[in-house]
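Subject: A structure for you to explore

Hello,

Here is the structure I promised to pass on to you. Have a look at it first, and then read my notes below.

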Amino acid sequence: MTIYTIDNPLSDDGRNKINNNFEELKKDINNAVDTISNKAFYQVVDSAKINWKEPVDSLANLPSSASEGDTRMTRNTGKVWRYDGQLWREIQQIDAGPVNEVDSRLTAELATTFNDVNNLKIQSNKLDYKSVSVTTKPTYLIQDDTIDHLKNVGANAALIIMCNITNATDSNITAMSDSVVRSQIQKLINSGVLIDILKPHIGLLDFSDTFSRDGYNPSDYNLAFVNWKAILLKYAEMCNEYGIPVLSVSCEQNKMEVNQYADKWKDIYDSIKALYPSLKIVHARRIDAFLSDNDEIYNYCDLIGINAYLNYTYLDYDGSNITVSDIADGFYYDYLGKQLIPRMQELSRKFNKGIYITEIGIMPRIDGLVSGVSYGEENYDIQRIFYEAVFSVLCNLTIVRGVSIWHADQPFHFWNNVEETPGEKTVKKYFKGGIL
């Protein structure tokens, strides 16, 4: 505070200095009041806040270290205790009987649920289609060790057939050689691996599957649909010939899948069903398209398809910090706000059709649950908890009729040739073990 020296109190200058001193004193008093009021306010808040914590069995079980406001009930007495920063003090008495009964019942039910999962006694939804994706293109054919792993886990194949364009606006979609496709179908069947679905993908330049098909924007949509229909009719014929029950007629072709082109998909659907009425048709859609209002396409399919890639967490897996339950929560509402299961249920009700999870998988890396593409340290255990959640929660919904794991090959592979990985064991438990 500034203090003014008063030489002559009766002069104008002296009176001004007296007034100034009173103003300075008033400011200091106001500041002091504000400071004291704020401190008192926060003391009152701290002394009143309640942070409910898990009940404990008795007073002796109250933790010695706690935060001010932590509040717990003791089961044996029904008393409620609050920590004031130094001591636990009783603040309330309630009837603990109903609380303890509900707590015990929920604990028992949870224990039973987890025991059932561990002992393979869960009441499971039996799927019509259980596969792992394998890809064929002119420069890459299905490997023998891939077939060995498919057989080991009891999986059928989802056969990805690469098609080609020269750039993102090319309307002249071209198919690979029929003879190559047939040879790969025959190789799988002769090896004892059935095929659940043929799934053509549009690739770029050299039949590469790294092309982001949501960016495919043909310069002539009419021509693109004519070419695509011809390719699909050819693959529908192969499905009929080799007993393959499902054909995917689109895969992440967002711009072609909008409501504006619903009549084009109707034409494709009607043409295929006229020739092969028992063949099931599905659209394998990107999650953003699946969540959008462009849903008229589902009038022209038999199953509603989804390539289910979510952002389950922002955490790197350390072996214990992420649980099956955490991943299951992500199916309902992932950390970027995508709501997969609610949308699946909504579409299934609206169109009265089952759901086919046409792709789902994560890379075997510690950040595999963060996003679709991961770069962290290799970790196969993360796939164990991921597939446990996929099979015990997502695939246990009765609306789900099929699932296809992405993928047999790197970088999404859940097996290697050194050991039976945790992820491989989990897939084997559910597929070969007959749970699904």
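Let us begin with Asn311, which touches Asp334, Tyr335, Leu336, Lys338, Leu369, Val370 and Ser371, leaving out residues up to four places away in sequence. Contact here means heavy atoms within 4.5 Å. Asn311 sits in the loop between strand 11 (303-307) and helix 8 (324-332). Helices (H or I, at least four residues) and strands (E, at least two) are DSSP runs, numbered from the N terminus. The side chain of Asn311 also reaches the backbone oxygen of Val370 at 2.9 Å. That is a polar contact: a pair of N or O atoms within 3.5 Å, where within protein one must be able to donate a hydrogen and the other to accept it, and where residues adjacent in sequence count only if both atoms are side-chain atoms. Asn311 counts as buried because its relative accessible area is 13%; buried means under 20%, exposed over 50%, and partly exposed in between (1.4 Å probe, protein chains only).

Before you go further, note that this is a predicted model, in which local features need pLDDT of at least 70 and side-chain atom pairs count only at pLDDT 80 or more, while totals for chains, interfaces and linings use all residues. Residues are numbered from 1 along each chain as its sequence is written, and side-chain values use heavy atoms, with hydrogens and water left out.

Now for the whole protein. It has 11 helices and 13 strands, and 47% of its 436 residues count as buried. Among contacts with a separation of 6 or more, 67% are between residues 24 or more positions apart.

What about the inside? In soluble globular proteins, nonpolar side chains tend to be buried together. A nonpolar core is a set of buried Ala, Val, Leu, Ile, Met, Phe, Trp, Tyr and Cys residues joined through side-chain atoms within 4.5 Å. The largest one has 100 residues, and Leu198, Phe331 and Phe391 touch the most other members. Helix 5 (residues 221-242) gives the most to this core, with 11 residues. Another core, of 7 residues, lies apart from it, and Tyr129, Val246, Val282 and Tyr356 are among its members.

On a 1 Å grid over the protein atoms alone, a cavity is a set of points where a 1.4 Å probe fits but cannot get out, and a pocket is an open set with protein on both sides within 12 Å along at least five of seven lines; lining residues have an atom within 4 Å of a point. Grid points are joined across faces, edges and corners, and a volume is the space filled by probe spheres set on the points. The largest pocket holds about 760 Å³ of space. Its lining has 27 residues, of which Asp209, Thr210, Arg213, Trp406 and Phe412 lie nearest its centre. There is also 1 cavity of 30 Å³ or more, and the largest cavity has about 60 Å³ of space. Residues lining the largest cavity include Ala308, Tyr309, Ile360 and Phe386.

Which residues does Thr71 touch, leaving aside its neighbours within four places in sequence? They are Ile50, Asn51, Trp52, Lys53, Val80, Trp81, Arg82, Trp88 and Ile91. Thr71 is in strand 2 (residues 70-73), and it counts as buried because its relative accessibility is 0%. Its side chain reaches the backbone oxygen of Gly69 at 2.9 Å. Ile91, in strand 4 (residues 88-93), is partly exposed at 43% relative accessibility. Ile91 and Val80 are 11 residues apart in sequence but 5.8 Å apart in space, C-alpha to C-alpha.

Finally, some backbone details to look up. A cis peptide bond joins Trp406 and His407, with omega about 15°, and the bond from Gln410 to Pro411 is cis too, with omega near 10°. His407 lies in the loop between strand 13 (400-405) and helix 11 (422-431), and Pro411 is in the loop between strand 13 and helix 11. Phe207 is not a glycine, although its phi is positive at about 65°. Glu252, also a residue other than glycine, has a positive phi near 60°.

Enjoy looking around!

Best wishes
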